[in-house]
Amino acid sequence: MRTRKTGRRFVVCLSALLLVALALPWPVFAAEPVAAARKPADFRSQNFLVHTDVPPAEAKALLERLETMLKLISGYWGRKPSGIIECYIVRDLANWPDGAMPAGGVAKIREGAGVTISESLRSANAFVAKATVYSVADIGVPQHEAVHAYCQQTFGSVGPLWYAEGMAEMGQYWREGNLEVSCHPGVLDHIQKAQPKRTMREILDTNRQAGDTWENYAWRWALCHLLANNPNYKAQFRPLGVGLLLEQAVSFEETYGAVADQISFEYDFFLNHIDLGYRVDLCAWEWTRKFATPPPGGTPIASKVKAAAGWQPSGATLTAGTPYAYTASGTWQTAKDAKPVAADGGDKGKKNAPGRLIGIIMRASEPGQRFDISKPFELSAPFDLSEQGTLIPTTHGRLFLRCFDQWNELADNSGAVAFKLKLAAVGDPLPTPTATKPR
Ligand SMILES: [Zn+2]
């Protein structure tokens, strides 16, 4: 929640409520004995000044985490942090003298949460901002708040609610070079179980700010995580974010208007398959691939299907009830040390065998019609394929393919198969697929 009051900005964060509400232990501090009453002391690092009543070793570890995160986020936004970020990190309010913190900070800490209070002076083309973090001594909350503080001091704002809170949540989970979903288990559980799930339009709706909850933070994080990591959208997401932080005339609608339906589809798909280890980069849909109906002369349509990816375009638009002959040559692996298998998954006839080639159809509106991008994207149920066979689809539409594996276990897959598909009734038969036997 953010409210503006006579030149002051309050960025109020509820992320810590998650920990309270779910009573989930926070791994690092959970096993430690409760610290004895300790007078607050000051700890400095390159970019932070922390006042805290946690023991020195804990304070040092916290500073290291904050510096690492700051390096990652300032690298992402392409701006060096401006000024020292001052933080009050509180284990026990009883250790602090009256008046050590403003009432707004104390109130949030008492709730088990955090807040970033910022004061700024602006002229026509310059600003000076000082953001101070008040937070409980947890792991995630100070990191979340420090993202807000960096944005305030460096750019002069934190951006619209969905972006501010989505990116601050990302700050908690950011690990260098790691694109896996690694969010809080409570966030994951909420997204997996929620029915119906929050739509992209609801997340972006600026009228839905009142009565904010940690659940809203979870959905905003998911949208930011998708846009920051999906290769279809990430190149535009960074400059959009910088523009939002600088309060320039940019918007989600202007940046993504033409592909908003695709983002909405990929966002829903992400929410429906999310798990620890899920990779939105590997599961991105390739929208630029051209699709065609298999030629009447029987010439095959060819595509490559990688094991380490989600649904991939075959290039073929199919007509329901028409028999198509297909082959899939080559082998792939569904784990680093797994035996390479062919597109039958190494076990003919077994359903859900890892390594089995499977298909899905993105429905087109009418048989033979061009794909209508203005219509919502609708998927058939997935169906098994193999090394070769005849496919008689029950749905019109575009054929997508993938190597069957758990959605959060694609990263360690390797290999690819060469897929060919033609009208079964005409032309020469497809050659028998090569490398049909596992090595
Ligand atoms: Zn926040």
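Residues are termed buried when their relative accessible area is under 20%, exposed when it is over 50%, and partly exposed in between (1.4 Å probe, protein chains only). The structure is a predicted model in which local features need pLDDT of at least 70 and side-chain atom pairs count only at pLDDT 80 or more, whereas totals for chains, interfaces and linings use all residues. Residues are numbered from 1 along each chain as its sequence is written, and side-chain values use heavy atoms, with hydrogens and water left out.

By the burial criterion, C87 is buried, with a relative accessible area of 1%, and C283 is also buried, at 3% relative accessibility. The structure contains zero disulfides, a disulfide being a pair of cysteine sulfur atoms within 2.5 Å. Of the 439 residues of the protein, 53% count as buried. The accessible surface comes to about 20,100 Å², and carbon and sulfur atoms contribute 53% of that area (Shrake-Rupley method, 1.4 Å probe; for residues, only the protein chains shown count as cover).

The protein comprises twelve helices and 16 strands, assigned as DSSP runs numbered from the N terminus (helices, H or I, at least four residues; strands, E, at least two). Four strands form an open antiparallel sheet in the order 9-15-12-13. Its edges are strand 9 (312-318) and strand 13 (383-384), each of which pairs on one side only; pairing requires that DSSP find at least two bridges between two strands. Strand 12 (residues 357-363) is joined to strand 13 in the antiparallel sense over two bridges, and G359 stands opposite F383 in strand 13.

The largest nonpolar core has 82 residues, and W77, W162, W221 and F237 have the most contacts inside it. A second, separate core of 22 residues includes A316, V341, L399 and V417. Such a core is a set of buried Ala, Val, Leu, Ile, Met, Phe, Trp, Tyr and Cys residues joined through side-chain atoms within 4.5 Å. Contact denotes heavy atoms within 4.5 Å. With neighbours within four places in sequence left aside, the contacts of W77 include V147, Y150, C151, F155 and R238.

D281 lies in the loop between helix 12 (260-273) and strand 8 (301-306). This residue is buried, with a relative accessible area of 18%. Its side chain makes a polar contact of 2.8 Å with that of R279 (a pair of N or O atoms within 3.5 Å; within protein, one must be able to donate a hydrogen and the other to accept it, and residues adjacent in sequence count only if both atoms are side-chain atoms). Beyond its neighbours within four places in sequence, D281 is in contact with L179, N229 and P231.
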